[in-house]
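I looked up each point in turn and wrote down what I found.

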Amino acid sequence: MTRAEIQSELREHADEKYRKFSSGLLPGVENILGVRLPVLRKLARELAKTDWQENMSELSDDSFEEIMLQGMMIGCVKCSFDEQLELIRKFIPKIDNWSVCDSFCTGLKFAKKNQEEFFRFLKPYISSDKEYDQRFVAVILLNYYIDEEWLSRTVKALQEIQAREYYAKMAVAWAMAECYLHFPDEVMPILKENKLDPEVQQKTLQKIIESRIITPETREEIRTMKKTCKKV
């Protein structure tokens, strides 16, 4: 598809009410057309089927949706693992909001089949001081590395992320909470050490409290921990 055809397709599916709704969730993000995520995912799959390199080159960075399409396509294209990593490396600097970050990460399902290699790829981003590099790592770990084999390395990586900005902190807390919910016995001692950033610790405990799968007794214990942990 040409750039004009892609942009015409996006305009055809733009919804003004959804644009306003999305803008409210993404303060500071401009050029939102208001195309819903299922429509973008479908279009990304179509663009990835044939001549994906050419289709990718036709996408500009002029709108939120076109950037979203670029990220979604990376999870759909058929190419070598090394090529996918290179596409990811080039795309990460374009991430400037939580929505693009999270939708992009959830499409990279091949990471689960290549955990060791992908984890090596993540290492420079674990030590990055950029907010969305950090969120990218946390959301990838959340989606593909919370299992028995990887738990210790996942938790260690989350602790190593020096998150200072809001959306990075929230992602680390989200991932830490999920680690606890899947492996409470292993993660509880780490939470009791109270060595996380104070805000990350508080948000982690809050997300655990909000979970529907914990017992009332556990919820009360976590509430007590939240009251006594270091204050933000």
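**Entry 1: a pair within one helix**

I began with Glu86 and Arg89, which are three residues apart in helix α6 and therefore separated by about one helical turn. Helices here are DSSP runs of H or I with at least four residues, numbered from the N terminus. The two side chains meet in a salt bridge of 2.6 Å, N to O. I noted the criterion: a side-chain nitrogen of Lys or Arg lies within 4 Å of a carboxyl oxygen of Asp or Glu. Glu86 is partly exposed at 33% relative accessibility, and Arg89 is partly exposed at 38%. Buried means under 20% relative accessible area, exposed means over 50%, and partly exposed lies in between (1.4 Å probe, protein chains only).

**Entry 2: basis of the model**

I recorded that this is a predicted model, in which local features need pLDDT of at least 70 and side-chain atom pairs count only at pLDDT 80 or more, while totals for chains, interfaces and linings use all residues. Residues are numbered from 1 along each chain as its sequence is written, and side-chain values use heavy atoms, with hydrogens and water left out.

**Entry 3: pairs across the chain**

How many salt bridges does a search of the whole structure find? I found 12. One of them joins the side chains of Asp61 and Lys94 at 3.2 Å, N to O. Asp61 lies in the loop between α4 (52–58) and α5 (64–74), and Lys94 in the loop between α6 (81–91) and α7 (98–106), so the pair ties together parts that are 33 residues apart in sequence. Asp61 is partly exposed, with a relative accessible area of 42%, and Lys94 is partly exposed, with 27%.

I then looked up Glu199 and Lys169, whose side chains meet in a salt bridge at 3.2 Å, N to O. Glu199 is in helix α13 (residues 198–210) and Lys169 in helix α11 (residues 166–182), 30 residues apart. Salt bridges with shared partners join Lys169, Asp197 and Glu199 into one network. Glu199 counts as partly exposed at 21% relative accessibility, whereas Lys169 counts as buried at 10%.

**Entry 4: cysteines**

I found zero disulfides in the structure, a disulfide being a pair of cysteine sulfur atoms within 2.5 Å. For Cys105, the nearest cysteine sulfur is that of Cys101, 4.3 Å away. For Cys179, the nearest is that of Cys105, 15 Å away. Is Cys105 buried or exposed? Cys105 counts as buried, at 0% relative accessibility. Cys179 is also buried, with a relative accessible area of 0%.

Key:
Helices (H or I, at least four residues) and strands (E, at least two) are DSSP runs, numbered from the N terminus.
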